[in-house]
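Good morning, and thank you for coming.

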Amino acid sequence: MTGAVRTVRCDALVIGSGAGGSAAALELAGAGREVRVLEEGPLVPQTRISRASPAENLRLLYRQGGLVPIHGAPTIPFGEGRCVGGTTVVNGGLLWRPPDHLLECWASAGVDGFRAHHLAPHLAEAERRLGVIDQPPGQGNHDSVLLAGAADRLGWSWAPARRAVRGCRHANRCVTGCPTGAKQSMLVSYLPAAERLGAVVEPDTRVVRLEHDGTRVTAVHAVRDGLRVRYLPRTVFLAAGPIGSALLLRRSAIGGRGPGRAIAFHVNFRTVARFDEPVRATEGTIFTAQLQEFADRGVRVMPANLTPGSLAAALAAHPAGTVDRMLAQLDRIAVYTTQVSVRGTARLLAVPGLGAVLRHRLTGSDRDLLRSAFRHTAELLLEAGAVELLPPAPARLTTAAQAADFALHGRPESWDLISVHAMASCRMGPPALGGVCDAQGRPHGFTNLRLCDASVLPGATGVSPQETIMGFSHLMTARYLERSAGRRPGGGRATAPGPGTGDARGRGPSW
């Protein structure tokens, strides 16, 4: 790294280009503000995503190839994107509104101003911009049809998936980057629109420290292409993700011990189901139906993308012969994901020589909930016609009695769990209740720094959090613009362009 430092002045600096950062950038650019968006990861154009293999995209698009460990019993791999567009490039494109009762609960805990009626217009606008639909099953989504039929026979509630897609071709590669550009990630939607309004996106730019005087950020120090860059912004919107935002606040001595102290997260476990009839789940797309019967307990069940590689990963704890046997019957196999909102939290630790380390601890109620979640999953899949279930630990279950015994005696500490949803690492709320930020997303005591990503949510959402993140970011940014408009000449708001056909980078359709 050279000793020279380049200085850049700007009005608004957005750190992170995922769901929260992109929503803030578009709001700011639409209001005529000079906006720079800094992204630690690379810009991977849609054309390159389309050409690359799933394994190549894992390396290109994810942080540490999707294997950030959350240490504990068990160690849980955590997956998040590290590219322009963030995790929206590699998620399933699910957009679920936050439940009204959850927003009321957060309000009663001291985070008011984000109730359903506050968020509704912003959520509706995000849905319009992203083309959110109730996605019907495609020709290869018989796994979703089986789930829905079984739920109906059991009298359990389910819903079609609400997804941000335009012309989904069921390419079955959602979690390694949509090869057709149909999924409306921030890469193909919000960011191109913000750029058309004058925003500048700077990839491969790692922010290392926020310089401040205790109440205001005075400079943002970053590294790009081995060169040091010092940004001098009027205001900063931090959206580096639930881990990245907490780390940056810790490195910058902001928020004391609060950032990263209690990270809320969802865990997923996978159940492999073999049927007597062909399912051909490899020809479908990610979950087009979701079981919601037990949503009030934080449990949801849905089909997952199926490829030979993902099947092998789901069976990593099983004997090699089991993997070979299942691969030989791939057209009769489906993999179902059960998402569980646990009460236990993860903690961010700084270990000399290792950097950031995440640790978690499941509570007793978490273990009971995981067992119950598997029991319901097994009942659903056996009703759907599965003749064999492979649970998230080495076992082979062919009867309801065997599944019930596994659910009763299973040890979730040894299950194969994963997580793709972390949040609330720098949560809003009163300091006395562990809150790091106020209801404007500002770390307590700060005036020109706002967090607008998953880290600032008051707790776990229980649903895929993208729409909640975007709603909060849109609302917080709009409130900031309303408050600051009277202090700036020409503070009016521009109108974002309507539906288009993409930009020069080949990123696909926009709105």
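The model is predicted, so local features are given only at pLDDT of at least 70 and side-chain atom pairs only at pLDDT 80 or more, while totals for chains, interfaces and linings use all residues. Residues are numbered from 1 along each chain as its sequence is written, and side-chain values use heavy atoms, with hydrogens and water left out.

Let me begin with helix α11, residues 364-383. Helices here are DSSP runs of H or I with at least four residues, strands are runs of E with at least two, and both are numbered from the N terminus.

Several residues of α11 are buried, among them Leu369, Leu370, Phe374 and Leu381. Buried means under 20% relative accessible area, exposed means over 50%, and partly exposed lies in between, with a 1.4 Å probe and protein chains only. Just after α11, Gly385 takes a positive phi of about 110 degrees.

I turn now to the backbone elsewhere. Most residues other than glycine have a negative phi, and most peptide bonds are trans. Which residues other than glycine have a positive phi here? One is His170, with phi near 55 degrees, in the loop between β7 and α7. Another is Asp225, with phi of about 55 degrees, in the loop between β10 and β11. His170 is buried at 19% relative accessible area, whereas Asp225 counts as exposed at 66%.

Next, the surface. Arg250, Arg257, Arg261 and Arg347 gather in a patch of positive charge. Such a patch joins like charges within 9 Å, from residues with over 30% relative accessible area and no salt bridge; a salt bridge is a side-chain nitrogen of Lys or Arg within 4 Å of a carboxyl oxygen of Asp or Glu. Arg347 is found in strand β16 and is partly exposed at 39%.

Finally, Glu283 lies in the loop between β12 and β13. Glu283 and Thr307 are 24 residues apart in sequence and 9.1 Å apart in space, C-alpha to C-alpha.

Note on methods
Expected span 1.5 Å × (residues − 1). Patch = residues over 30% accessible without salt bridge, like charges linked within 9 Å, V, L, I, M, F, W, Y side chains within 5 Å. Areas by Shrake-Rupley, 256 points an atom, 1.4 Å probe, with all protein chains shown as cover. Lys, Arg positive; Asp, Glu negative; His and termini not counted. Charge placed at Lys NZ, Arg CZ, Asp CG, Glu CD.
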